[in-house]
Amino acid sequence: MAYDRQKLLEAVKEAKARAKPRNFTQTVEMAVNLKDIDLRKPENRFKLEVVLPHGRGKEPKIAVIADGAVAEAAKKLGLDVISGEQLEELAKNPRQARKLAKNYDFFIAAAPLMPKIGRYLGRYLGPRNKMPVVVPPTMTNLEPIVNKLRKTVRIQLKNNPVIHAPIGTEDMDDEKLAENAEAVLNAILNKLERGENQVKSVYIKTTMGPAIKVER
């Protein structure tokens, strides 16, 4: 039997109800456990970007690696900018490069800097599925890209048959969280050869709370 929005909604409500109050707003997360999939075969691994219909619940941290027009466009939107010169400095400071990769959710980069980004930051961004969105060096309006990223989650299936994805925050409406969960689940099912038949189980939880199984 298929997972439907009502079942997702029930799991969301229970996950929130069983979450103890914390001194921060917890993320609501989804875990999709898969079966009958051979991850030794590269064709069975995938990366996905899912635009959540109701957004992430909190602003993701976005950094722009650029000079010139793209850097100016980023500053107008109040985004953090890393210049080509600063990129060179990061090459000499692996600890700082690692910290940068960890601190931001998304990166936007001007195309001419991509070879250096690959060389200096690739080893930190790649495994975290955070390689930049590439834009032309003459782009003067980053707003459409930024608005999309603010509602986007990146997920990947790599070495383990489980996919984790944030679907919002605990202060969001239950129905909206369920719709976000449905969007993520549908995106995953579309990538699986046998769809729902390869899903072992689905869980919803808050950052610090117990995992609640989504019933079929």
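Which side chains meet in a salt bridge at 2.8 Å, N to O? In this predicted model, the side chains are those of E49 and R154, and the legends below begin with that pair.

**View 1. The salt bridge between E49 and R154 joins two strands.** The side chains of E49 and R154 meet with 2.8 Å between N and O. Because E49 lies in strand β2 and R154 in strand β7, the pair ties together parts that are 105 residues apart in sequence.

View 2. The closest N and O atoms of E182 and R5 are 2.7 Å apart. This pair links distant parts of the chain, with E182 in helix α8 (residues 174–191) and R5 in helix α1 (residues 5–17), 177 residues apart. R5 is partly exposed, at a relative accessible area of 36%, and a network of salt bridges links R5, E179 and E182.

View 3. In the salt bridge of E88 with K116, the closest N and O atoms are 2.5 Å apart. E88 belongs to helix α3 (residues 84–91) and K116 to helix α5 (residues 114–120), so that the pair links distant parts of the chain, 28 residues apart. Both residues are partly exposed, E88 with a relative accessible area of 29% and K116 with one of 28%.

**View 4. R128 and N129 lie in the loop between α6 and β6.** R128, which is partly exposed at 35% relative accessibility, forms a positive surface patch together with R95, R98, K99 and K102. N129 is buried, with a relative accessible area of 12%, and it has a positive phi of about 60° although it is not a glycine.

**View 5. D36 has a positive phi in the loop between β1 and β2.** The phi of D36 is near 55°, a positive value in a residue other than glycine. The loop that holds D36 runs between β1 (27–34) and β2 (46–51), and D36 counts as exposed at 55% relative accessibility.

**View 6. The side chain of T152 reaches the backbone of K148.** T152 lies in strand β7, which covers residues 152–157, and T152 is buried, with a relative accessible area of 1%. From there, the side chain of T152 reaches the backbone oxygen of K148 at 2.6 Å.

Key:
Residues numbered from 1 in each chain as written. Predicted model: local features only at pLDDT ≥ 70, side-chain atom pairs only at ≥ 80, totals over all residues. Heavy atoms only, no water. Patch = residues over 30% accessible without salt bridge, like charges linked within 9 Å, V, L, I, M, F, W, Y side chains within 5 Å. Areas by Shrake-Rupley, 256 points an atom, 1.4 Å probe, with all protein chains shown as cover. Salt bridge = Lys/Arg side-chain N within 4 Å of Asp/Glu carboxyl O. Lys, Arg positive; Asp, Glu negative; His and termini not counted. Charge placed at Lys NZ, Arg CZ, Asp CG, Glu CD. Helix = DSSP H or I, 4+ residues; strand = E, 2+ residues; numbered from the N terminus. Buried < 20%, exposed > 50% of the residue type's maximum accessible area, 1.4 Å probe, protein only. Polar contact = N/O pair within 3.5 Å; in protein donor to acceptor, adjacent residues only side chain to side chain.
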